[in-house]
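Subject: Structure handover

Hello,

Please find the structure below, with my notes after it.

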Amino acid sequence: MTKYIGKGIYDAVAIGKISLFKRKKVKIESVKVADKEAELNRFEKAKQSALAQLEEIYNKALEEAGEDNAQIFEIHMMMIEDEDYNDAITDMIGLQEFNAEYAVSSASDSFSEIFSSMDDDYMQARAADVRDISNRIISCLTDSKTEQLSTEDKLIICADDLAPSETVSLDKNKVLAFVTAYGSSNSHTAILARSMNIPAIIGVGKEFLYEISDGQLAVADGFSGELIIEPDSETITLYEKKLKDENEKKVQLWTIVNKVDRKNRKIK
């Protein structure tokens, strides 16, 4: 039995098998292009594809996380259209004759660094949003996609970090909990996890990703921030009781809410 400590950002418990989040890696190379106009058109086409994808994600978030949280993706669409961000990319393509992938990657690094260096925690967390929109455009440029969960089992998703769009794009019915090596309680991913009622632990540290494997049994404790790998029988029994108590409280709360709702309807 091995324990890792992070920060719980949604008070709930999950028991299940681990799934390491697999993100398709794209190698970005600096290439000089012969046709600048064609490369600018290529970037514009990828940008429009990214906007269309974000519109779909917005609609999914609207259904699963509510209007307030879905606005994250309206902000992402605005960020993609940001004049300074676009100028940084198009200047690298049009003036310096770099390929679109490299231009987007460079702009992402520059703008995320600006946010990361700010004193305000909320603004620092926006660096992840810049990387998210940039990776989406690069994904459209290279026609690469993140692998989807190919199982019917509910799983504890473990990752270095999860971008907001990655969080929403996962099938909620197959996710027991999120556990990440990095992250901030102010991040949009953390906010989404809370609004989607999914147990989540952040800031566990990168080492845990090299020491765990797909299919291992684990407990994710969103109360204490503990991730327990291959728990012993005593620990499983303890957490099964916690899970049962949690579910009973939810049923009781749901019953009270329904009673109040019915009472209010009668009064009206």
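This is a predicted model: local features need pLDDT of at least 70, side-chain atom pairs count only at pLDDT 80 or more; totals for chains, interfaces and linings use all residues.

Residues are numbered from 1 along each chain as its sequence is written, and side-chain values use heavy atoms, with hydrogens and water left out.

Helix α3 covers residues 83–94. Helices here are DSSP runs of H or I, at least four residues, and strands are runs of E, at least two, numbered from the N terminus. The end C-alpha atoms of α3 lie 15 Å apart, which agrees with the 16 Å that twelve residues should span (1.5 Å times one less than the number of residues). Buried residues in α3 are Y85, N86, I89, M92, I93 and G94 (buried is under 20% relative accessible area, exposed over 50%, partly exposed in between; 1.4 Å probe, protein chains only).

The structure holds ten salt bridges (a side-chain nitrogen of Lys or Arg within 4 Å of a carboxyl oxygen of Asp or Glu). One of them joins K3 to E226, with the closest N and O atoms 3.6 Å apart. K3 is in strand β1 and E226 in strand β8, so this pair ties together parts 223 residues apart in sequence. K3 is partly exposed at 47%, whereas E226 is buried at 17%.

K47 and E81 form another, at 3.5 Å between the closest N and O atoms. K47 belongs to helix α1 and E81 to the loop between α2 and α3, so parts 34 residues apart in sequence are tied together. K47 is buried at 6%; E81 is partly exposed at 44%.

Regards
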